[in-house]
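User: Could we go through this model together? I would like to start with a single side chain.

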Amino acid sequence: MAEESDVERTEPASARRLEQAREEGQVPRSHEVGAFLVLIVGAAAFMVLGPWMMQRLSVLVRRGLVVDHQAAHEPSLMLTRLGDLAAESLLTLAPLFGALLVAVLLSPFFLGSWNFSAKALQPDPSRLNPLQGIARLVSWHGVVELVKAIAKASLLGGVAAWVMWSERGDLLAMFAQPLPVGLANAGHLLSFSFLAIVAAMLLIVAVDVPFQLWQYHDKLKMSREEVKQEGKELEGNPEIKGRVRQLQREAARKRMMAAVPAADVIVTNPTHYAVALAYSSGMGAPKVLAKGAGEIALKIRQLAASNGVPLVEAPVLARALHRHVDLDQEIPALLYAAVAEVLAYVYQLSHWRQAGGEPPLPPERIAVPAELLPESERG
């Protein structure tokens, strides 16, 4: 059961999944919105520009029906005249066509925005496969589109039939009316029919837009395994990140161990902690070259012993250095006095090894400021 739940697409699409879908040209679309906008904008443009366009077109029709004796005998003049009339007709209809073009370009904003994808323009041989085409026709999506088309045709056809039936008296009366009166009544009838069809289209849009959004997001749903995999890709695989951190720690440890032979002294706990210190004339204060606890402390002591680096047992100071000073950092001013006692002993020990005499005594009970001690050790 657990495996089945991982395969099922029950999780909403992530932001990355939606962005990838947009890059591939997959965005929510509703053809009904475009058709509705074209109808509305076309009607508005015709209501505003209709009288002017009808006047211009009537003038062009009268000019076209006038027979010119010279043009009738010269075909070249007839073609020129036809071209002029066609150009003027197109200029007259250009505002209407421009408004319709704006409506078509604005329709995608009702479901998002424009989206241009080069991947969507790439040829896809699978689209030419007739078997896949048949499968799309009989798929759930194809059945839904068929039901939508039947419902839309039934609704618009029913509205048109209702308009014709309700206005049947006016339709029959127009045959007996004078031409100007009949044309005016026909215009009113067309306006009423158009308003009824637009209302029906608005109902279709109100149903289709939420359905298209739901279908789009449902298609992009992800399984739990896909969500986990995407999280790993975005944040990095925890196993790989852990391995990288382990390698980084090992490399840092090797560099730290390589610096132990250059230390002047190793301050120990004596068994639990070990801190390697070095000081030269160019430093502002003694610096921690290496530090560690447990096995690392043991390796530091062994490496120091094999390279002749002196070890000084100062448990309190070792713990303070290990806790409060990072690698390659100078010790704080609060530990200057304590570390100075250790370094003085180291210098005395070096002089004794060279000149002989009485060996120096290691420092005892090196004082460390209370604020650098754990709370359990504060007096």
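Analyst: W214 is partly exposed, with a relative accessible area of 46%; the term covers values between buried, under 20%, and exposed, over 50%, for a 1.4 Å probe and protein chains only. This is a predicted model, in which local features need pLDDT of at least 70, side-chain atom pairs count only at pLDDT 80 or more, and totals for chains, interfaces and linings use all residues. Residues are numbered from 1 along each chain as its sequence is written, and side-chain values use heavy atoms, with hydrogens and water left out.

User: How many aromatic pairs does a search of the whole structure find?

Analyst: The search finds one. It is a tilted pair, because the ring centres of F211 and W214 are 6.1 Å apart and the planes lie at 35°. Rings of Phe, Tyr and Trp (its six-membered ring) pair if their centres lie within 6.5 Å, and planes under 30 degrees apart count as stacked, over 60 as edge-to-face and the rest as tilted.

User: Where do F211 and W214 lie?

Analyst: Both are in helix α10, three residues apart, about one turn of the helix. Helices (H or I, at least four residues) and strands (E, at least two) are DSSP runs, numbered from the N terminus.

User: Changing topic, which residues line the second largest pocket?

Analyst: The lining consists of A43, F46, M47, G50, P51, M54, L190, S191, F194 and L195. Helix α3 (31-65) gives the largest share, six residues, and α10 (179-219) also supplies at least two. A pocket here is an open set of points on a 1 Å grid over the protein atoms alone, where a 1.4 Å probe fits, with protein on both sides within 12 Å along at least five of seven lines; lining residues have an atom within 4 Å of a point.

User: What is that lining like by class?

Analyst: Eight residues are nonpolar, two are polar and none is charged. Ala, Val, Leu, Ile, Met, Phe, Trp, Tyr, Cys and Pro count as nonpolar, Asp, Glu, Lys and Arg as charged, and the others, Gly among them, as polar.

User: And strand β3, are its faces covered or open?

Analyst: Both faces of β3 (residues 265-268) are covered, with V265 and V267 buried on one side and I266 and T268 buried on the other.

User: Which way does β4 run against β3?

Analyst: β3 and β4 (residues 273-278) run antiparallel, joined by four bridges, and I266 has A276 as its bridge partner in β4. By contrast, β6 (residues 311-313) runs parallel to β3, with three bridges.

Definitions and conventions
Pairing = 2+ DSSP bridges.
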